[in-house]
Amino acid sequence: MSRLYATFKYTLISVWAGFVVGPFMWAVLTSFKDANGVQGGATYLPWVQYEPTLTGWQNIFGGAGGVDVVRPFLNSAVITLVASIISLALGALAAYGLSRYRFKIGFIANSDIIFFFVSQRIMPPVVLVVPFFFLLQWANLLDTIPGLVIVTVALLLPIAVWVMVDFFNGIPRQIDEMAMLDGCGPFGAFVRAILPNSVPGLTVAAMFCAVFGWNDFFFAFRLTFTEIQTLPQAVVALNSSIPPWWTLSAAALFGMSPLILLAVWVERYLSKGSLPGVIR
Amino acid sequence: MAQIDIVDVGHTYTAGAEQERWALKPMRLTLEAARTYALVGPSGCGKTTLLNILSGLVKPAQGRLLFDGSDVTALPTKARNIAQVFQFPVIYHSMTVYENLAFPLRCRRWDKARIEARVHQVAEALGLDHRLRQPARRLTADDKQLISLGRGLVRDDVAAVLMDEPLTVIDPQLKLSLRRRIREITEQFRPTVVYVTHDQYEAMSFAQEVLVMKDGRVIQQGTPEQLFEAPASTYVGYFIGSPAMNFLTVERVGGQVTLAGRPLAMAWDVPDAPQIQVGVRPEYVKIVGEPAANVFPTRVRGVRDHGPQRVLEVELAGQLIKVKTPREDGVPATGQILVELPRAKVLPYVDGHLATTPRAADPE
Amino acid sequence: MTLDATDLSLTVDGVDHLKDVTASFQPGRLHTVIGRTLAGKSTLLRVLAGLQRVDSGSLTRHGADFLTTPVWRRDTAMVYQQFINYPHLTVFDNVAFPLKRAGVARDEIRRRVQESLARVGLTEFRRRRPSQLSGGQQQRVALARALVRGAGILLLDEPFANLDYKLREQLREEFKTLFSDQGDAVVIYTTTEPAEAMMLGDVVLVMHEGRIIQTGPPGEVYDRPATTTVARIINDPPMNIFTGRIAGGRIAVDDLQVTRVPAHLADLPDGTYQFGLRAPDIALASAGLQAEVTFVEISGSETFVHLALSGTGFVVQIDGVHDIALGDRVSMRLRPERLFAFDHSGALVRSPSSGPGSPEGR
């Protein structure tokens, strides 16, 4: 009975793991192939079934016949980083206010304001893109990095607010009160007593911001034309009628790499238990 | 409602550790059916380990555990028929009070009418019979804890109810009333109860018998009165009672125990030992007017007003002891008072342990 | 240098949290505010600290308006019932926090923090985080932080309520010494426990349903509670209050004669009164009134026996720990010379400490 259950359990886990890891491994294998390696059915074992090459990887770093993804990579990095920092800063402040003070504007109370933030993520992006277009056009920011940063902040802020409100609600209110009794003004209490205890919450919010900011394709696609290209755009642009699968795979892996590194780093950080703020 | 026999049960979390360092030293105990027991002691004393062995969460490194004579040492928790109440209320928030109480019975496929009758009976005892239709999540922490207990009591085949610091998350001001309710309920249903706590008030108020634990051992088992009247060690004397028991170092001259150069008579045989302490409760030290046997001069060092009583701190033979006096007796006018240590209430301790048993035929 | 509250009122959702609270808190004295849970004690402290607004009333410090002074300029330290410390800071930095904010010089900070950690016995724990300490130690950190600044106002909101009784006993003992050299700070301590109020306070303020219903030295409040409510609050277990009739030199509850009329009540006219008798002033006797044991609690070294006497509940306190089974029938005897008499509205008419004929002055 328990043997059977164990077999069943591990089979299910293995299938699921294969399902998750499979495509990734497939991309890794493909990125080291060339046209010959891709044609003629599936092959798995390098050196045995096909001869690995670095063509795909050379192509994405400006090799002959390829495209340069370094520039889009930097664009994406700048946009994601700046937008995430702005979103976290504004989001934490907004969330702190929503967590600690009661607002009442007519029938609108705190929970409504939080919902208003979150509702921006409920709307399909298509609805937002047209107003964003006209706004950026009006401000003369179409096809620029600042323009994309602003739009990305608008996308990330609700996430930051949502995550942080929940986190701040879990920190006893007496801690801010005590900081004020100890001589801090309201802002000082936030900076000195609450923020240092919010590292876990900020880390989670930053992860979300980084992932959503980095992976945004739609808005970059619609709000830039020639000057600025982000990494997702560059990867998709490779997708011509006969796609160079090896280049595409290499570009996709390259695009994933910062998030993977980030995930590994955060995971280590969390497991080391070096995050302070064990709040009971 | 089973009798629980703990036969040479001991446990260590680090394999190969010498027995002196085990979390629970091998012990032999019998917990009688339908009685309430409290395991009390500071953190790390082994009380939680013992509870976990009873519940089946921990398999003891050695020894056997018997429920009504049958060996359950190897049985998993669910086969032991025990009910548990934890520090935090464990209830189903999505269900009503009724559904929460009925859940264990539905799992056992009781028929509907029988469930209904039993749930109502238990809910009435819990004082929740008028709130059966309410969603459980709306209840206060103390009511939730009552439901946790109630879920254990609805089954009529429960061998024992194990409670692990059930009042932890309850407001201090509500603890008293919840403790009272739990006690009344257990009086009514009379399961075998093992109640773990680090709070002496709780243990003493709740249980018919208290087991004081320290360093993996049960250092004393007895009714609250026994623990109070004859603590088996100076530790129990300190731990039980407020203010704690007074301990005085005495001399032994020839066959006679003396204190401050005067003989101190005791209703007990005192063994011959280099270092003897005597213990006497602040409640039993009497302020007297005239010198007599067992009366000693003291100097008042401090007075604390507790309301109905005052606690005087007095110096006797260079040692401080506490004396409880009724408020109406007032504060002594002079700094020097005479106190009597009643011979029947003064107990001898050697190496921190009660060093004698009462004389068989004591004139008093 | 006093802190004066005048007619402070606060109503939330139709419930009075504070109702016309007037009190003058004196420098260098320890005030204990005693009341049951939700009596308004915490609200009062929060108002004094500036953490809670009021609907009306005034608060002055040194004679100047204090209500509009923001929290961070009130020179107030507070210790909460929950063990509140900065989780991200070590014990040392927790205690140093208010000094740093006040811009105290580094060496001075170190000296004062070490001194106050030594006073609460935490020197060896200075590098730990609060989460690595036991509850009692955490509360000591909070006490040290409150002490270190020498704040002008010190508020303690049931600081020991969440501790085990042995620790509570110990910290209570230390408390008076700890706070003895706070100079002319106004110290306010809230509690639900009469023993704490009696032991610690220079002045006791009794709160009930948002009002301060009696103020005075502990002994006086204890010996002459102004009303039955005060009598219940200032005693643990609460004073037994029962309605009875004085007629023909006897006191009767319903038709049951419970005791004779004692000397200090002898001049009261016949009629119906509410009588008060403390739990230790009822004895279990071999003969007397027959009652049934409904509940038994053990509190430290005392046994509280709850009795039902033909429908009226009484609590009896006996010294020592005794095994008494629920449902037993016992005999009890009231000590008439310890009786308090209150009128139908609950106001004190006569207490055991007043001689016959002397009306209760207030």
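Mentor: A definition is needed at the outset: helices, of at least four residues, and strands, of at least two, are DSSP runs numbered from the N terminus. The structure discussed here is a predicted model.

Trainee: How far apart are the end C-alpha atoms of residues 245-266 of chain A?

Mentor: The UniProt annotation "transmembrane region", from an unreviewed entry, includes residues 245-266 of chain A. In the model this span is 100% helix and 0% strand. The distance between its end C-alpha atoms is 31 Å.

Trainee: What is the corresponding distance for residues 12-29 of chain A?

Mentor: Residues 12-29 of chain A also carry the "transmembrane region" annotation in the unreviewed UniProt entry. Here too the chain is 100% helix and 0% strand. The end C-alpha atoms of this span are separated by 25 Å.

Trainee: What is the radius of gyration of chain A?

Mentor: Chain A has 13 helices and two strands, and its C-alpha atoms occupy a box of roughly 70 × 65 × 35 Å along the principal axes. For a compact globule of 280 residues, a value near 19 Å would apply. Chain A instead has a radius of gyration of 24 Å.

Trainee: How far apart do the C-alpha centres of the two domains of chain A lie?

Mentor: The division of chain A gives domain 1, residues 2-60, and domain 2, residues 70-237. Between the C-alpha centres of domain 1 and domain 2 of chain A, the separation is 37 Å.

Trainee: Which helix gives the most to the side of chain A that touches chain C?

Mentor: This contact joins 19 residues of chain A to 18 residues of chain C. On the side of chain A, the residues comprise eleven nonpolar, five polar and three charged. Six residues of that side come from the element that gives the most, helix α8 (residues 173-181) of chain A.

Trainee: Which pair of chains has the most contacts?

Mentor: Chains A and B can be set aside, as they do not touch and their nearest C-alpha atoms are 12 Å apart. Two pairs of chains do touch. Of these, the pair with the most contacts is chains B and C.

Trainee: Which elements of chain C each supply at least two residues of the side that touches chain B?

Mentor: Chain C contains eight helices and 21 strands. The contact with chain B draws on 30 residues from chain C and 24 residues from chain B. The residues on the side of chain C are 13 nonpolar, ten polar and seven charged. At least two residues each are supplied by α5 (165-178), α6 (194-200), α7 (218-223) and β16 (289-299) of chain C.

Trainee: What share of the residues in chain C is buried?

Mentor: The C-alpha trace of chain C spans about 75 × 45 × 40 Å along its principal axes. A residue counts as buried if 20 or more other C-beta atoms lie within 10 Å of its own. Among the 362 residues in chain C, the buried share is 46%.

Trainee: Is Val158(B) buried, partly exposed or exposed?

Mentor: Val158(B) sits in the loop between α4 (141-153) and β7 (160-164) of chain B. Residues that it touches include Asn81(B), Ile82(B) and Pro191(B). A buried residue needs 20 or more other C-beta atoms within 10 Å, and an exposed one has 12 or fewer. Because Val158(B) has 19 such atoms within 10 Å, Val158(B) is partly exposed.

Terms used. Residues numbered from 1 in each chain as written. Chains lettered and ligands numbered in written order. Predicted model: local features only at pLDDT ≥ 70, side-chain atom pairs only at ≥ 80, totals over all residues. Domains from an automatic or database assignment. Contact = placed C-beta atoms within 7 Å. Nonpolar A, V, L, I, M, F, W, Y, C, P; charged D, E, K, R; others polar. Rg over C-alpha atoms; globule rule 2.2 N^0.38 Å. UniProt positions renumbered as here; feature names shortened; annotations may be inferred. Lists of a residue's contacts leave out its neighbours within four places in sequence.
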